[in-house]
Amino acid sequence: MNLKRFHPAIFTALWLLPVLAIFQTSVADRFAINGVIPGIMLVVIVNWGILRGTDEGMLWALLGGLCLDVFTSWPFGTNTVALVIVASVVSLGQGTFMRTHVLLPPVTVFAATVLFYLIALFILASTQHSVDFLQALQTAVIPAALYNGALNVLIFPL
């Protein structure tokens, strides 16, 4: 791991990810559609992993997950673990084809959202929280994945 390669990512992450976490936990519910809140942090981290590779994607997932964990009521570490796993899986597909094909980033965000919520639900269930996986998939996970995939069409070019 070369620190010079991380230079822009570290400084951008240090100011952007806390701002995104605050936005995600305080303002994003204003953009809810039928009760589904967009996963801005997840979309940005997935896009960063696609564009910048595994090392920077994992760094952003770690920092972004910690920022979200500070502001959410889920057990501490849930967002961090889920985002790091998602970033590691997504970053494996990083490459020119992923960056140039117009449909792959939204499809990747859709799949990453489903994976993120499945991991989070598993962690919640394993920490003695009552979780109905089927209902969560129908009412929260799939609608959130569709919303994030559509949102990614706007965010990815940025």
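This is a predicted model: local features need pLDDT of at least 70, side-chain atom pairs count only at pLDDT 80 or more; totals for chains, interfaces and linings use all residues.
Residues are numbered from 1 along each chain as its sequence is written, and side-chain values use heavy atoms, with hydrogens and water left out.

Asn47 belongs to helix H2, residues 40–52. Helices (H or I, at least four residues) and strands (E, at least two) are DSSP runs, numbered from the N terminus. With a relative accessible area of 5%, Asn47 is buried. Buried means under 20% relative accessible area, exposed over 50%, and partly exposed in between, using a 1.4 Å probe and protein chains only.

**The whole chain**

The chain has seven helices and zero strands, and its elements run α-α-α-α-α-α-α from the N terminus on. Of its 158 residues, 43% are buried. Among contacts between residues at least 6 apart in sequence, 68% join residues at least 24 apart.

Two packed helices are described by the angle between their axes and the distance between the axes. Axes are lines fitted to C-alpha atoms, for helices over the stretch in contact, and angles run from 0 to 180 degrees between N-to-C directions. The axes of H2 and H3 cross at roughly 165° and come within 7 Å. The two helices, H2 and H3, are therefore roughly antiparallel; angles over 145 degrees count as such, those under 35 as roughly parallel, 65 to 115 as roughly perpendicular and the rest as oblique. H2 passes H3 in a right-handed crossing. A crossing is right-handed if the near helix is turned clockwise from the far one by less than a right angle, and left-handed if anticlockwise.

Which residues of H2 and H3 make the contact? H2 supplies Met41, Val44, Ile45, Trp48, Gly49 and Arg52, and H3 supplies Thr54, Glu56, Gly57, Trp60, Ala61, Gly64 and Leu68. These residues of H2 and H3 divide into seven nonpolar, four polar and two charged. Ala, Val, Leu, Ile, Met, Phe, Trp, Tyr, Cys and Pro count as nonpolar, Asp, Glu, Lys and Arg as charged, and the others, Gly among them, as polar.

**Aromatic rings**

Now show the aromatic side chains. Rings of Phe, Tyr and Trp (its six-membered ring) pair if their centres lie within 6.5 Å; planes under 30 degrees apart count as stacked, over 60 as edge-to-face and the rest as tilted. By this rule there are four aromatic pairs. In one of them, the rings of Phe23 and Phe31 have their centres 6.0 Å apart and their planes at 35°, so the pair is tilted. Phe23 is partly exposed at 27% relative accessibility, and Phe31 is partly exposed at 45%. The rings of Trp48 and Trp60 have centres 4.0 Å apart and planes at 10°, so this pair is stacked. The pair links distant parts of the chain, Trp48 in helix H2 and Trp60 in helix H3, twelve residues apart. Both Trp48 and Trp60 are buried. Select Trp74, Phe116 and Tyr117 as well: ring pairs link them into a cluster.

**Helix H4 and Leu83**

Move on to Leu83, in helix H4, residues 78–92. Leu83 is buried, at 1% relative accessibility. Leaving aside neighbours within four places in sequence, Leu83 is in contact with Met41, Leu42, Ile45, Ala61, Gly64, Gly65, Leu68 and Phe116.

**Two loop residues**

Finish at the loops. Asn34 is found in the loop between helix H1 (3–26) and H2. Is Asn34 buried or exposed? Asn34 is exposed, with a relative accessible area of 81%. Its phi is near 55°, a positive value in a residue other than glycine. Gln128 is found in the loop between helix H6 (104–126) and helix H7 (133–155). Gln128 is not a glycine, although its phi is positive, at about 70°. At 74% relative accessibility, Gln128 counts as exposed.

Terms used. Contact means heavy atoms within 4.5 Å.
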